[in-house]
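Trainee: May we work through this model by question and answer, starting with how its strands are arranged?

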Amino acid sequence: MMTFCYFLSESAFRLYFCFKTSYNCFVRRNAMMLLTKANRNSLPALYSQEHVPVNEQVVQVKFFTPDSSWTWWAVEFDGEDRFFGWATDGANAPELGYFSLSELRSARGAMGLPVERDMYFSPTRWADVAS
């Protein structure tokens, strides 16, 4: 027996074909552009914020997995693939470090959903995000 489940997401409607017999779900959806030109232009160059205290650094872009609790906040970008910022799995305190755009594109949550960019996030100081 096939069940159709509809979910509303920030980026688009998603249609899941869930087969009860095999418990496999196939997802058909448009991939979200993780980094727009505006995002690229707003992100400072990698290592350019070293003189700025951590709590004063401005988070420019937020990424998340809609079906799990992983979240990434980008502070700097090398212009190609590497970000510097914060990441958390939701259960532990956020960690400061590097992550890549290619890793975000290939990462999947518990239900197989890809990482999305928070379209409603506006640049915010890390001290305000962390509180």
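Mentor: Two strands pair if DSSP finds at least two bridges between them; strands (E, at least two residues) and helices (H or I, at least four) are DSSP runs numbered from the N terminus. The model is predicted, so local features need pLDDT of at least 70 and side-chain atom pairs 80 or more, whereas totals for chains, interfaces and linings use all residues. Residues are numbered from 1 along each chain as its sequence is written, and side-chain values use heavy atoms, without hydrogens and water.

Trainee: How many residues lie between β5 and β6 in their hairpin?

Mentor: β5 and β6 pair in the antiparallel sense over four bridges. Within that pairing, F63 has W72 of β6 as its bridge partner. The number of residues between the two strands of the hairpin is six.

Trainee: Which residue in β9 is the bridge partner of F64?

Mentor: β5 also pairs with β9 (residues 116-117), in the antiparallel sense and over two bridges. In β9, the partner of F64 is E116.

Trainee: Is Q49 buried or exposed?

Mentor: Q49 is found in the loop between α1 (37-42) and β4 (58-59). Beyond four places in sequence, Q49 is in contact (heavy atoms within 4.5 Å) with P44, Q57 and E76. Buried means under 20% relative accessible area, exposed over 50%, and partly exposed in between (1.4 Å probe, protein chains only). Because its relative accessibility is 19%, Q49 counts as buried.

Trainee: What distance separates the C-alpha atoms of S102 and D81?

Mentor: S102 has its place in helix α2 and is partly exposed, with a relative accessible area of 40%. Although S102 and D81 are 21 residues apart along the chain, their C-alpha atoms are separated by 6.6 Å.

Trainee: Over which residues is the pLDDT below 50?

Mentor: The pLDDT is the predictor's confidence in each residue, from 0 to 100. The chain has a mean of 81, and 76% of its residues reach 70 or more. Where pLDDT is low, the predicted coordinates should not be read in detail. The stretch below 50 has 58 contacts in the model beyond near neighbours in sequence, and it covers residues 1-29.
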